[in-house]
Amino acid sequence: MQQRTILSTIEGHAAADPARVFCRFQTGAGTEAIGYADLLRRAEGFAGAFAAAGIGRQDTVIVILQHRPELLYGFFGAMRLGAVPAFMPFPSPKQDHALFWSSHRKLLALTGIRFILTYRAIAAGIDEHFTGLDVRVLYVEDILEGLAAGTVPPAPPAPAIAPEDVAFLQHSSGTTGLKKGVMLSHAAVLRQIDRYAGVLGFGPGDVVVSWLPLYHDMGLISCLMMTAVTGAELVCMDAFEWVRRPTMLLDAIEQHRGTFAYLPNFAFLHIARAARPGQRWDLGSLRALVNCSEPCKPQSFDAFLAAFGDCGIGRGTLQVCYAMAENVFAVSQTTPGQPVASLDLDVEALESEARIVPAAPGRDSRQVLSCGRPLPGAEVRILDGAGGDAAPDLAGQIAIRTDCLFTGYNHLPELTAEKLVDGWYRTGDLGFLHAGELYVLGRQDDLMIVYGRNYYAHNIEEVVTACDGIAPGRVVAFAVESRQMGTREAVVLLEPDGTREAAELRRAVKARVFDVLGLTLQHVEVVPRNSLVKSTAGKISRDQNRRRYMEERAGNG
Amino acid sequence: MADEESFREVAQAIGETLMVDPATITRATTADDVNGWDSVTHSMLVMEIERRLGIQLPMDKVFDLADVGELVDLVAAARSAG
């Protein structure tokens, strides 16, 4: 008997009901309904073109495409051959394309990845960036033309795929060259979805509405994979379009009777602000709007309910999930239909000793939302600084052991060994357990989450340091909380070397970071020479500079 | 005149959305010159301008502007068309 894989489950849905809709793919041109059977047929066509280009079992194929249905056909077409697809971000219109492609060289050289699927239209001169590497770029335009003309040979018979084979890669944050490819097996993905769907009561009758990009774990797993594996329906829209018109998500929920949507914290505020007075939607079909990917704030839920509380949703609709690519997705989840628990913690005890103490009346307090109970099969430990179990009333690093952990980081065995110790994955997140529920407080390292996307401060500093006009090594990057936006904002402070005017330098730094990382720095300050604070070890201190920056900002505002 | 009024409205909206002093905004100001101006706050700014003036700005153009001057021209055109 054939062992269960992601594709075999999709084949099962198509066979059971050939007319079943898999995805309503919204673009500026309209909405295209793609059935499960259509998906397989179109993926088969792409698989033929891929095989003709030399792609075979276990070859990685990087998919860099805009929000169009070919995204899905390319991804599942590679999977059909037993190859390993990986979505990666498409450059924004304002990004420098030459820099975008050259930044992929390091990743390709490190990992030996040989295949890229993209558009001819954005790849002018692409080969120059990959000279000396055995890289083949495939163009969607050519494949579609070949398929229309009937010149694409049929795909070879499907190879036998074992459940432990890697199904796809999910790339982490960082400059492209330093991105970590999280390897996820068919078995891990299917186990995660079986368990997670069980907790949510998610099944074939559900409709997920999403604006999330597919290179991000929330879009890829909670929307695309959850739908495909369970036989549900996905309504997806372009992230760029959604940012411009956030209420289009509500339009789609109302029109298609959406039952689930996933949003990073900032998105709750962005949608709530966009609604015009008197505008109303019927959101009564929703079973859960899940806040995930960046610290979840009670204020975001409050603002959302203030705007849409009379549209058929209540506090029990707004839920929280704690997830990461290394575990495929969810580690813990609150219970749909029930209001999310929260705790008011004493700020001083938390900040000075990482101690979890309920705030007494009159004390400074911080309200923290629960991320729910660990999924069945997931064990959670809170570690102290020495790697042992932290005392029950202390916060510490969250470590997890589950039956759906990643296979490792692609071509990074040392990093895999550092993060996966005795079957436990050390998340780098700080948190604690209370009454069986997990609470997440922040990060232990310099990871900053901006609009739900992850960036490392040291990466940003490296990119900024490479700009002309900056005193060597005199740069610091950190994030500050923006209550207004419901996310964190990226700040860079830099000391000039005197060769460039401050306004020009700020523009150059913002442009460089945007081109290389796709991140818009919200604040770039050119500060006087020798004003950045160094730690006792002689390194520029992120913590101290951040604290001083916050004090100065508070003083000015 | 209409241009000057459009400029004033746009500068006020920028001030409110991005929490900066509107007096620091000129036609030559770019998003890179103003702290906090990113794609999400830009869309908030567009919504704020539309709300203030009761106009609709063309989606294809309003996210592809070089500076505040071009935004003001777009606003002025939308107002005269309306």
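Me: How much area do domain 1 of chain A and domain 2 of chain A bury between them?
Reply: This is a predicted model, where local features need pLDDT of at least 70, side-chain atom pairs count only at pLDDT 80 or more, and totals for chains, interfaces and linings use all residues. Residues are numbered from 1 along each chain as its sequence is written, chains are lettered from A and ligands numbered from 1 in the order written, and side-chain values use heavy atoms, without hydrogens and water. Buried area is the accessible area (1.4 Å probe) that two parts lose on being put together, summed over both. Carbon and sulfur atoms carry 58% of it here, and the total is about 890 Å².

Me: How many residue pairs are in polar contact between domain 1 of chain A and domain 2 of chain A?
Reply: A polar contact is a pair of N or O atoms within 3.5 Å; within protein, one must be able to donate a hydrogen and the other to accept it, and residues adjacent in sequence count only if both atoms are side-chain atoms. Between domain 1 of chain A and domain 2 of chain A, with both residues at pLDDT 80 or more, the count is three.

Me: Which residue of β20(A) is the bridge partner of Val182(A)?
Reply: Strands (E, at least two residues) are DSSP runs, numbered from the N terminus. Two strands pair if DSSP finds at least two bridges between them. Strand β8 (residues 181-185) of chain A runs antiparallel to β20(A), joined by two bridges. In β20(A), the partner of Val182(A) is Tyr409(A).

Me: Which strands of chain A are the edge strands of the open sheet?
Reply: The sheet has three strands in the order β7-β8-β20 (chain A), with antiparallel pairing. Each edge strand pairs on one side only: they are β7 (166-171) and β20 (408-409) of chain A.

Note on methods. Helix = DSSP H or I, 4+ residues; strand = E, 2+ residues; numbered from the N terminus.
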